[in-house]
Amino acid sequence: MARTPGTANAEYGYMNWYLNTGKKPLPAAPESSVRFVGNGQNIVYVDWQNDLVIVVRWINTDADLNEFIGKVLASMRK
């Protein structure tokens, strides 16, 4: 369910699950990744391509989350 876009917004999956459609929200992350955004900016990032689940808090913007994910993925390539 979380991987299927809703009719109202191509970047919105089921409930509070957000898709990375066209890699527009998170360019550093694979398009197949999703994120759950809860109250207080509690974020669960799921990346099947890289076998990752990341849980973070208090990252307020997609740009900040993108930077964090980019650093995590870069650290895995070393």
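This is a short tour of the structure above, one selection at a time.

Before you click, keep in mind that this is a predicted model, where local features need pLDDT of at least 70, side-chain atom pairs count only at pLDDT 80 or more, and totals for chains, interfaces and linings use all residues. Residues are numbered from 1 along each chain as its sequence is written, and side-chain values use heavy atoms, with hydrogens and water left out.

**Stop 1: the sheet**

Switch to cartoon view and select the strands. Strands here are DSSP runs of E with at least two residues, helices are runs of H or I with at least four, and both are numbered from the N terminus. Two strands count as paired if DSSP finds at least two bridges between them.

Next, colour β1 and β2. They run antiparallel and are joined by three bridges. Pick leucine 19 and look across to β2: valine 34 stands opposite.

**Stop 2**

Buried means under 20% relative accessible area, exposed means over 50%, and partly exposed is in between (1.4 Å probe, protein chains only).

β2 and β3 pair in the antiparallel sense over five bridges, and arginine 35 stands opposite tyrosine 45 in β3. Then move to the turn: the hairpin has three residues between the strands, and glycine 40 takes a positive phi near 75° there.

**Stop 2: helix α1**

At 1.5 Å a residue, its 15 residues should span 21 Å, and the end C-alpha atoms are 21 Å apart, which agrees. The expected span is 1.5 Å times one less than the number of residues.

Now show side chains for Leu65, Asn66, Ile69, Val72 and Leu73, the buried residues of α1. They cover an arc of only 125° around the axis, which puts them on the same side of α1; the arc is that of the directions from the helix axis to the C-beta atoms. An α-helix has 3.6 residues a turn, so residues three or four places apart point the same way. The buried residues of α1 pack against β2, β3 and β4. Look at the other side of α1 and you will see Ala63 and Lys71, which are exposed.

Zoom out for the overall packing. Contact means heavy atoms within 4.5 Å.

**Stop 3: the salt bridges**

How many salt bridges does a search of the whole structure find? There are two, a salt bridge being a side-chain nitrogen of Lys or Arg within 4 Å of a carboxyl oxygen of Asp or Glu.

For one of them, select arginine 35 and aspartate 62, whose side chains meet at 3.4 Å, N to O. Arginine 35 counts as buried at 6% relative accessibility, while aspartate 62, at 34%, counts as partly exposed.

Then select lysine 71 and glutamate 67, which meet at 3.3 Å, N to O. Both lie in α1, four residues apart, about one turn of the helix. Lysine 71 is exposed at 55% relative accessibility; glutamate 67 is partly exposed at 44%.

**Stop 4: the loops**

Most residues other than glycine have a negative phi, and most peptide bonds are trans. With that in mind, go to aspartate 51, where phi is positive, near 55°. Aspartate 51 is in the loop between β3 and β4, exposed at 70% relative accessibility.

Move on to tryptophan 58, in the loop between β4 and α1. Its phi is also positive, near 60°, and tryptophan 58 is exposed at 60% relative accessibility.

Finish at asparagine 60, in the loop between β4 (52-56) and α1 and exposed at 57% relative accessibility.
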